Amino acid sequence: MRSLPRFFGLFAILLFALLIGGAESAHAQDPVADFFQGLFGGRPHARPQAHPPARETGRMRRLVPHREYGAPAYWHGQSKAAKKDKTQKPEDPNAPPPFQVAVIGDSLGQMLADGLEEAYSDRSDIRILHKAKDSTGLVREDYFDWPKAARELLAGGDKIDMAVIMIGSNDRQAIHEGSETIETLSPRWRERYAQRVESVRAAFREKKIPLVWVGLPVTKSEHFAADMAKFNDIYRQAAVQDSAPFIDIWEAFADERNQYQAFGPDINGRIVKLRSADGVHFTDVGARKLAHFVEGDIKRLFDTRHPAPDSAPAEASQPPAEEPAAGAAAVAPPVQIIAPSGPTPATAPTLPDRPAIGPLQSLTTTVAADGELARRGKSPSSAGEEARAAAARALVDHIFVEGGEQPSQPGRADDFSWPKGRAKPAETPAPAPAAAAAASSAAEAR
């Protein structure tokens, strides 16, 4: 009995020690449960630590096929030409000057220049000049005056053979002229904007440098796309007045409903991401596809300026025959091969000329037949033939015009007698008036 208070005293001390510092708080164990499990047997099990619910980090990844190109996915306000190394291969001093194409415009023009440079990366005879400026347009002349910049570009030291412009994505804003503010896309605004477009075109027209205007693409925002389509109308009308090319790329980057689509076929037909996240600019693959629609105009002008040399005659390319040296062994003459177009030997067998396929027949001769079309224009040779023709016409009118019936004959397709082939008594139909008249005229003719 004396041991019982001692037992409870030890139990209280042990319980107090466990609660204060006997067990590490990091394990967050239950001291009472651990004590009884050790007292009555069994191995104490540590309770699982209480962790806050983990946030779900997994998310659905969208397949971006253009990443296989190793190119940045979206437009970050800087063209690829500005980010890459500007070091170029040394040029051959004896090579003719390259055909230089100046690309001007805004950020879309920069991406067009990137695509063209990639397209002609393996050609040294065509050079792309990056002359586009980011965040520019034809509205804010106080920020950047493109008509003035075009004249300065043409007066510079670069010899420009051709120019390409793509601009307008930053021009959805009012035009300020002094104290006057012209509302965007109003009739007055369109007139002033068209004048600025003409100023750019006039700078290249005076220097007789072809200018290719590239239209704006469809955008993700419907309101923005509607305004871009109106800009394209202004560019197209200006190109028509100059009889200059205007490249419309709207449908090339739209779906079958003529709406925006971020993915589409590239120049190789693979479905890739063509547009950036802002819904306006292009990916590097999209810029390459954009350049594809301009390559045709560049190639046509290049071929006109640099025509391919005519091939020399085959005889001139062959070296002259050398005379055999004295004492040299005689060489047998080569075997003469007669070309198919050359004259054939007299002893060669010849095939007789084949006649034309089928006998020749005139299309204007009449054919002996009892039908009306075949006998048109042919005078009847006798009264009997005229009577038979009249009777045939009367029968045709009776069946196909008046809706009369024709008695069936045994074994014919219209014979529905049973058993098959048994002739049933045919009812003599009442002759039509036309048939009766034809029969009476035939009787009189006899």
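Are Tyr-193 and Tyr-235 buried or exposed? In this predicted model, Tyr-193 is buried, and Tyr-235 is buried as well. The two residues belong to a helix pair, described next.

Helix H6 spans residues 187–206, and helix H7 spans residues 222–242. Their axes lie 10 Å apart and meet at an angle of about 45°. H6 and H7 are therefore oblique to each other. The crossing of H6 past H7 is right-handed. On the H6 side, the contact involves Trp-189, Arg-190, Tyr-193, Ala-194, Val-197, Glu-198, Arg-201 and Arg-205. On the H7 side, the partners are Lys-230, Phe-231, Ile-234, Tyr-235, Ala-238, Ala-239 and Asp-242. Nine of these contact residues are nonpolar and six are charged, while none is polar.

Aromatic pairs were searched for across the whole structure, and nine were found. One of them joins Phe-99 and Phe-302. Their ring centres are 5.6 Å apart and their planes stand at 80°, so this pair is edge-to-face. Phe-99 sits in strand S1 (residues 99–105) and Phe-302 in helix H8 (residues 284–305), so the pair ties together parts 203 residues apart in sequence. Phe-99 and Phe-302 are both buried.

The rings of Tyr-193 and Tyr-235 also pair. Here the centres are 6.2 Å apart and the planes lie at 40°, so the pair is tilted. Tyr-193 is in H6 and Tyr-235 in H7, so the pair links parts 42 residues apart in sequence. Both tyrosines belong to one aromatic cluster, together with Trp-189, Trp-213 and Phe-231.

Definitions and conventions: Residues numbered from 1 in each chain as written. Predicted model: local features only at pLDDT ≥ 70, side-chain atom pairs only at ≥ 80, totals over all residues. Heavy atoms only, no water. Axes fitted to C-alpha atoms, helices over the stretch in contact; angles between N-to-C directions. Helix = DSSP H or I, 4+ residues; strand = E, 2+ residues; numbered from the N terminus. Parallel < 35°, antiparallel > 145°, perpendicular 65-115°, else oblique. Left-handed = near helix turned anticlockwise from the far one by under 90°. Contact = heavy atoms within 4.5 Å. Nonpolar A, V, L, I, M, F, W, Y, C, P; charged D, E, K, R; others polar. Phe/Tyr/Trp six-rings, centres within 6.5 Å; stacked < 30°, edge-to-face > 60°. Buried < 20%, exposed > 50% of the residue type's maximum accessible area, 1.4 Å probe, protein only.
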